Structures are given as structure tokens and as C-alpha cells.
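Biologist: I have a structure to learn from. Could you take me through it in questions and answers?

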Number of protein chains: 2
Amino acid sequence: MGRYVVGVDLGTLSGRAVVVDVADGAERGSAVHAYRHGVVTERLPGGPALPPGWALQDPADHVEVLRTAVPAAVRAAGIDPTQVVGVGLDATSCTVLPTRADGTPLAELPELRDRPHAWPKLWKHHSAQRQAHRINALAAERGEPWLARYGGRVSAEWQLAKALEVLEEDPEVFRHADRWVETADWLVRLLCGRETRNASAAGFKGLCQDGSSPAPDFLAALHPELPDLLPKVDGPLLPPAARAGALTAEAAGWTGLPAGIAVAAGAIDAHVTAAAARSVAPGRMLAVLGTSTCLIMNGDTCHEVPGVCGVVEGGVTAGRWGYEAGQSGVGDIFAWYVDRALPASYAAEAARRGMPVQDLLDSLAADQPVGGHGLLALDWHSGNRSVLMDHELSGVLVGLTLATRPEEIWRALLEATAFGARTVVEAFEAAGVAVDELTAAGGLTANRLLLRIYADVLRRPLHVLDAAHPAALGAAIHAAVAAGAYPDVETASAAMGAKHRETWHPDPARAAAYDDLYADYRNLHDHFGRGGTNILHRLNTRRHQSHPSP
Amino acid sequence: MGRYVVGVDLGTLSGRAVVVDVADGAERGSAVHAYRHGVVTERLPGGPALPPGWALQDPADHVEVLRTAVPAAVRAAGIDPTQVVGVGLDATSCTVLPTRADGTPLAELPELRDRPHAWPKLWKHHSAQRQAHRINALAAERGEPWLARYGGRVSAEWQLAKALEVLEEDPEVFRHADRWVETADWLVRLLCGRETRNASAAGFKGLCQDGSSPAPDFLAALHPELPDLLPKVDGPLLPPAARAGALTAEAAGWTGLPAGIAVAAGAIDAHVTAAAARSVAPGRMLAVLGTSTCLIMNGDTCHEVPGVCGVVEGGVTAGRWGYEAGQSGVGDIFAWYVDRALPASYAAEAARRGMPVQDLLDSLAADQPVGGHGLLALDWHSGNRSVLMDHELSGVLVGLTLATRPEEIWRALLEATAFGARTVVEAFEAAGVAVDELTAAGGLTANRLLLRIYADVLRRPLHVLDAAHPAALGAAIHAAVAAGAYPDVETASAAMGAKHRETWHPDPARAAAYDDLYADYRNLHDHFGRGGTNILHRLNTRRHQSHPSP
């Protein structure tokens, strides 16, 4: 009789659960559950309007995935639930929420439900950039040793900037929060009854380095009350794939899994995907191409890479130095284009052909010669996470003519994200961190034109992971380790990880043409992002000034 | 019994005729005829594909307007055609075609019909920019005295650059052309049997200054055969509103007008509109807001304004120095947006409300605070005519975020054209040419949001002309002078010109906020247009290299 593990992945718009064979990682069943409230950006459900840059989630939507997708996946697998030996989960990060000491989210208290700062702030909540600027300036001034571990700049997306934003804009909410916790850790507590902190999020998003958070006097210099954050984020730090506890009887009741099985430590989605992609050995970079892009890699040594958003010991896999970098908007930019800029005639033509509009655009754009559209874009519609680490930046599109066609803009946006990825890979290599192999995973690997462009722009073979739910598979691999089925993630990854579906090799002529376009991308990148002009910041300031504060 | 004149306006997409009372300019009837082939940009009808930047027209489409719209306007007026005493016509310019000595367009010869260079090149045919660069460089090197009259740079849109393009790319067509003639002059010849050259087009588009074209040795230095252009463009030069001849019996047959009536000299659409707007006195600027924008003004003295595309003695009104400047893309950019980037949901909502999509966009954008969208655009989708005079430039849009909405991009495009207009007005004033009054005419004056933005951005009252067909009215005024009903255009304009429909005054708070945005526009303008970066030129070069030559 087989043994199984369940992996749960809480994404940006939906969650999914998979049931996986412990022996070989084969997926036996899966289920997806879309969040009822999706991403809350314009106004709280039944509540006030939100300023630009906000992105919240409803904690109940995450719980709903555990309640519905987990039992549905077990049913789909057709297995006996008693054969499940462990459960693991990952979530987006830094997606962080304030709770009471008992774990109740402040957003679920009737008296705070209409207060935007009581809600979980999604990773792409970008309105704490001013706080991030101050954190960076102070850390640089004081020579804080941890700053270089984050490439010289911490992000507005992370725990500290978001906490400072709450404290400054709604101090009552800050004071009501006994805990300031990552969504993955909060959900693990729901499963096993014990709050733990996963070392990945604590390190990459909580500025916890060598076991310590930033010092109280540093925090006090930002705001006199900010040292009060420290007791809200303390707790046992667990390495990746550690056993956080046993599934409680109550949680067993609503998940349908056996009480007492191992619950793995919380994890970050892209990080567990490295295990699913068998990319945990040093030098193997994983690119998770989705709403945003995460670039994950392990190394044997610690290099501080300028502009790369983190190196954390044991942050991806226990015993290695984990590196993370990323692009804050990728699939999100494509979705924006389809939603806000695709003309009706194209929507109608796609419907006529019975294909998704993305496929229509790809088919029209695929045969264009490189540079034939005359366009160049900066992929900053959701700010820039690497290497500029600045969420007050915004997207740029140059080269428009009266002849410019929709598929040409579409292709320029695909290319811009490829140029963004190359910028990050080059930053690693310039800092002495070799990238020996590159594997792509995530929803955007369905787009073959995108993969071809990435291989051409990055000038290296691009392997593509063959997994329908790679993050959930990674969470399941971590569950297998937590359950004691494997001694460590490396071993479990080798046994259970997915294979390559295909490999894209760069075309020399296209790659050479893209070298020229990439040089212009870097020119625009540095002009708009590194002080050639501050126009994007001034535009952002005016935009915020014309909207009310929450 | 009254006396009437007929004015005919040949626009970019359609032509129109009006029947106007000689006494007071009241319109008695009108008719519009859309060109069968519109603007030919992608391939010749039934013929080969065209490279980027091309824009041609079918000469038969222009003749069709005379054949159908003129009799239709007379019928609509319900007048006795024998009461018509004169006819005048204007056309876009520089819209120029090669013909045989007898006036037959080369494009109508069966053996040349499939040769793109045999066709009339519309004003916005922009692929002769390389030729224009060489003309400018050589004229500067030789210190040609006429160069400063064109602000220091001649345009790729004009007669010489287009002729050199034909000579270099299809010399056989160049050699077959006995005449190289403006569309307006070619049509006047059809009416009165005599080819004449209107001084406006000869001066503003043909580089004819103080009675002379550029010298043969200058032309020879560009191409050994180019001096052969001179006999193709010679002929009697007629001042505005001069009598070119009498309507022939043959033309009377197909227009329905009386043989022998006065036919006025050909004219440029925006220039005759100054008469319709009673803007012929010095310091009164007329802005014709349409597909493109023309800014027209008379002065008593000659100032050479850097970047402004021309000053010609008697070029607008006999006895004055005429100034012309303009923006090569205005309504064209808005049309591009609606056609290529307006999402289906907006098209559906406009249909549901029973309104044009432009009105829906305006209504959604109207209440935004200035700068609230966080966007800034450069209005160069069709290149830049003033003050950079460079058709290898292209449009730029910065400040895009995942929250950017269609009506925000729409408004940023409206604003960009207003900033472009301010750039030109400031160039006039910086050169000592005072702009005392500003009147808007043209199709875009139907857009009230646009008018409000222009008044705010330009920081001056904006009068709006009350005329349905202002250029055709202007052509009719010129016809009245040619027929001897008035001694000159000033007098005719005062009697027959249209009144102001309304005046928009700037709002001080919005105007101040636009000052800030305009400073950023100028920053982007100079970076992309004045050598801060040559990215737009490189993108344009790559775009052309990837398309075949004609």
C-alpha cells in the first residue's frame, strides 16, 4: 500500500492542493479553488476605497482552500485518506497579516473589519515605498551589516516596511496586533495548533540574518514604537521542511486528513518549487514565471549581490546559502494588457477562432523579425524588485507609431520581461555567482513564444519543468521530508521532483539582434531607474497626492 | 437675387463642398464624400506591400469629390447653379504627385500603377526622413539662406525630400514625371485647364523663397539628376485668392457649375481656414485641430523661428508674412488609440450607452485631478513636425501601472498633444513673434475635454470657431476674392468669416498643476528628441531594416 503526501499552494488569485506519491512524486489528484475576493485593490468589500498601490487579501479565502481543495484533491486521487502521511503548504510572500495572540486575524474582528490596515497585505501591496526608502537610508547611514545581504536595499513588499506603514497610518491597528505573521505560518498554525516561523520568510522577508532581527535601537530610530514589532514577530524559527507539528483533530475534521500526521513548516511558493524542479544543487537557477517572476538558486557560499533581493543561510534549502531575486510584474503585466488595452476586434477574432486571446496575440507576433515592431518597454508596471528595488517606478513604452499593432505591443511586453530577467542573471554573474543551468516553471511556461524569447534574450538553454502544479508538488516534497520519508530535501527532490518537458535553445541570429535591443533596454533602465531622470517618481507622487489617504 | 461661391476642401480621409453666400458667408448647403481608398498605408490596392511610414492616396478619389460633392452641395443648397460666381479649393499639403505633361497622374498609367512611387504621396508619408536629414545637413553646411526660414530644418513631408526619395528608389518614375505637383494645383488645373502653382505650397512645402527654388548646384550635390526636378515644379506662382482661370466647359459639365466662373488658385487647407476664422490680422493664431494640427498666423515682419516650419512672404495672405507650424499627429493618435488599444469592455459600454467611445472616454476622464493618472506621453506617433522636425521619432508613454485605466491613457494622449501645442507657441514667443489671440477650428473642437485641457495647458483663452466646414468656407472666401466680389482676403474674411462658438478660459489651479507636468514633458521631449538618447532613432532603423524596400 502506497504512502502519500499532500501539498497545498496558496497563490495570488487561487489555491491548489495535490496528492503526491511519496515514492516517486507522481501526482495522484489535484484541486484548485479560486479566492472569492481575489486581490482587493480598489476598495474593501463593502468598505472604503483604497489608495493607489494597495493590494490586500481576505484571510478567509486562504482557509477556504484548505477546507475545499484538500478534500477535493484526495477525492480526485481516489486514495484512502489514511494513507496520507504528511501535509505541507506554501504561500506567496511577503504576504503578512496582523492577528491577535490566539491567531484571530484583525480583519475578522467586527470593530476592525473596515480598517484597511487590519487586512493581510499581499506581496504586491506597494504603498510602503516611502517607508522602505527611509529604512534603506537609515540602514546605510548606520552601516547595518544585514543591508548588503539584501543587495543594498530592502523592499517595500517586506514585513518591516509594511509594519511601519501600519504603525504610521493606523497606530491603533498596530497596537491591536499581537502577532505580525506570514500567511503561510498563520495557516500552518491553523493545521497544527502551534505558531512557528519559517526561516525562508523570516530571512528573505523579515530581515532575520544569523538568527537576529534588526536591533531595537535601529527600529526606534525609524519610529519610537517600532521596537514593539519585535515581540510580534518572535517565535521558533524552523528550517525548510522541518516538522512544525502534528495535524490537530480539529483540522483533521475540516481537511479530511488523518489527525496526527506531520505538518511541515510554512514555505514560500517559489522556494519549494526549486525542490519540485530538482534545482536545489548550487548553480541551478529556477525561474518561476507567473504573476511575478521569482528567481531562486542555492549556493555554497555567501555573495552579496548588488540589487538582488537576498541571500539567506538555509533560506531555500537547509545547509545552503539561498539566493532570491525577482521581477514584481510579469504575468500581471500581460493580464493588464489583455484587460485594459486589447481592442475589441482582437477579442472578437480570438472568439471566432475559439482560442484564448493570448494565443491569438502570440500567433500574430511569432513571426515578426526581432526589432521589427520598433518598440521597447520597461517592465515596471508593478515596480521593480531586482535590481533597482523600487516600487515607485512604473512602466514605459517607447517607439509607438500610427502603424503599431496590438500584437507588436504584446510582443514588446513579453520581451521587456525577458530583458528584466537577463538584467538579474547578469547581476548574479557580475557578483561572482555562476548560473550554470536555468529551468523555468510556472503558469507562463504554457506560452511557447515567451519561452523562445527568453532563451534568445538570455542566450542560454532554457529547460521547462513538466509539472502541472509545481509549487504544490514542492510543498508535498517538503511534507515528505517533514514526515520522515526522506532524510533531506535534496534526496526527496531527486526522488520526487519533476522532469523537463522540453529545452529551448537560443537562435544565434535572434540572440544577436536581441543583444542590441537589450543594450537599449539597459539604457532606458538606467535613465529612468538610476537617476537619469526622476520623472517616474514625480509622476508617482502626483498620482498619490491626488488620491485620499485610507 | 443672391450670389454664391463654392468651396471645396480635400482632407485626409474625405472631401467636402460648401455653397456659401457671398454677402455674409452663410452656408447654404454642403456635401461630404469619403475617399474610396482612404489612406493607402499597408499595400497598394491590388498591388505590393508598402514599407513602414508610407502613406499614399488615389488621385481618382480626389476627382470623385469634385464630381459628386460639388453637385450634391448645390442641390442641398436649393439654389440655381447659375448664381454661383466662383469656386475655390484647398487640399492637404504637402500632398504631391508625379504627372505627365498633360496632367495625367503616373499612378493612372497602367504600366506604372503597381509602382508605389508613381502614386501621390500624402502629407503624412514619412519614409523620406533620411533624405530630409541629408538635405538639412547639406543646406547647413553650405549656409543656404532659405534654411532659417524653415526653422533650421526642412521636413520629410515636403516636396524636395519626397522627390529625392522617388529619384533614389525608383528613378524611372522620377524620369517619367514631367510635373511634380501639389494635389490642390493639380485639381485646379482640372477645373480651369491651366496649371498654376499656389504660393503657399510653393513657399511652405516647395522651399520657394523670394521667388526662387533651391539652386541647381545645391540639388546636384544631393543627387546628380535632382536638378531635373526644377522644370517639373516651375510654372506661374499665384498669390492666395488669385484667379487661376475660368471654369472650362468640360469641368462645368461634371461639376454642374457654370462655365467661365472664376477658379481660385489652389490652397492649403489650414491656410484658407485662417480666413474663415477671421484670423488673418497679425498676432491672431489659428489652430486647426484635426488628424494633425496646423498652427497658422500672419505677421508684419519676418522672424526666423527655430523649429517652426516656415515663414513665407504672402504665404497665407497676400501682403503679410505667413507663419506655419504644426504637430504631425493629433486626431490620428486618438484614432490609433481607439482602433488599436481600446478594450472590448469599453466599446461595449459605449454601445450600451449609445455614445461614441470617444465621448465615453472623455466622460470617464473629465473629473480626474491633473496628474492623477500618473502618466505622461510624447505625441510623436506620427513623428514631430515642430519644433524638432523629425519623422523618425515615435510615441512614448511613461508611468504605466497595473492600475492604469483606459480613460487615463486616453487623457494622457489628449494632454500630450496640448503640451506639444504649447511647445510650439512658446517657440514663437521666444523668437519675438507675439501670439495675441488663439482660435481653434477643426474636427477635434467637438471634444470639450480637449478644449478645456488646451486652455489650461496653454494658459490663455481659447476661442472656438463656429463653422461646420471651416476649410471649405475658407476656400469659398478665397473664391469670392478671385471672383472680384471683394478686393482682398482681409475684407472678405471680415464679411464672410465665422463667429466664435465659445471661449474656454484656463482654470488657475489646473493650469498650475499642468505647468509641473509640462516641465516633465519638456524633459522627456529633450531627452528623446534632442540627443539625450538616440533610442527612438535606433528603434526606427531596426524597424525599417526588417521590412523590404518597395
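Modeller: Start with one term: a contact means heavy atoms within 4.5 Å. This is a predicted model, where local features need pLDDT of at least 70, side-chain atom pairs count only at pLDDT 80 or more, and totals for chains, interfaces and linings use all residues. Residues are numbered from 1 along each chain as its sequence is written, chains are lettered from A and ligands numbered from 1 in the order in which they are written, and side-chain values use heavy atoms, with hydrogens and water left out.

Biologist: How many residues of chain A are in contact with chain B?

Modeller: Look at both sides of the interface. On the side of chain B, 51 residues take part. On the side of chain A, the number is 51.

Biologist: What area is buried between chain A and chain B?

Modeller: The size of an interface is often given as the accessible area lost when the parts come together. Buried area here is the accessible area (1.4 Å probe) that two parts lose on being put together, summed over both. Carbon and sulfur atoms give 59% of this area. The total is about 4,200 Å².

Biologist: Which residues of chain A lose the most area to chain B?

Modeller: Three residues together make up 17% of what the side of chain A buries. They are Arg340(A), Leu400(A) and Leu402(A).

Biologist: How many salt bridges does the rule find across the interface of chain A and chain B?

Modeller: A salt bridge is a side-chain nitrogen of Lys or Arg within 4 Å of a carboxyl oxygen of Asp or Glu. Arg542(A) and Asp520(B) meet in a salt bridge, with N to O at 2.8 Å. Across the interface, the rule finds six.

Biologist: Which element gives the most residues to the side of chain A that touches chain B?

Modeller: Helices (H or I, at least four residues) and strands (E, at least two) are DSSP runs, numbered from the N terminus. The elements that give two or more residues to this side include α11 (331-340), β17 (395-400) and α18 (508-529) of chain A. With seven residues, the one that gives the most is α18(A).

Biologist: How many residues does the largest nonpolar core have?

Modeller: A nonpolar core is a set of buried Ala, Val, Leu, Ile, Met, Phe, Trp, Tyr and Cys residues joined through side-chain atoms within 4.5 Å. Val398(B) is one of those with the most contacts inside the largest core. Val398(B) touches residues of both chains, including Phe528(A), Leu539(A) and Leu524(B). The core has 151 residues.

Biologist: What is omega for the peptide bond between Ser386(A) and Val387(A)?

Modeller: Most residues other than glycine have a negative phi, and most peptide bonds are trans. The bond joining Ser386(A) and Val387(A) is cis. Val387(A) lies in the loop between β16 (376-378) and β17 of chain A. Omega is about 5 degrees.

Biologist: Is Leu207(B) buried or exposed?

Modeller: Leu207(B) lies in the loop between α6 (199-204) and α7 (216-222) of chain B. Its phi is positive, near 60 degrees, although Leu207(B) is not a glycine. With a relative accessible area of 3%, Leu207(B) is buried.

Biologist: Which residue of chain B does Thr533(A) touch?

Modeller: Thr533(A) sits in the loop between α18 and α19 of chain A. Thr533(A) is buried, at 5% relative accessible area. Not counting residues up to four places away in sequence, Thr533(A) touches His527(A), Phe528(A) and Arg538(A) in chain A, and in chain B, Asn523(B).

Terms used:
Buried means under 20% relative accessible area, exposed over 50%, partly exposed in between (1.4 Å probe, protein chains only).
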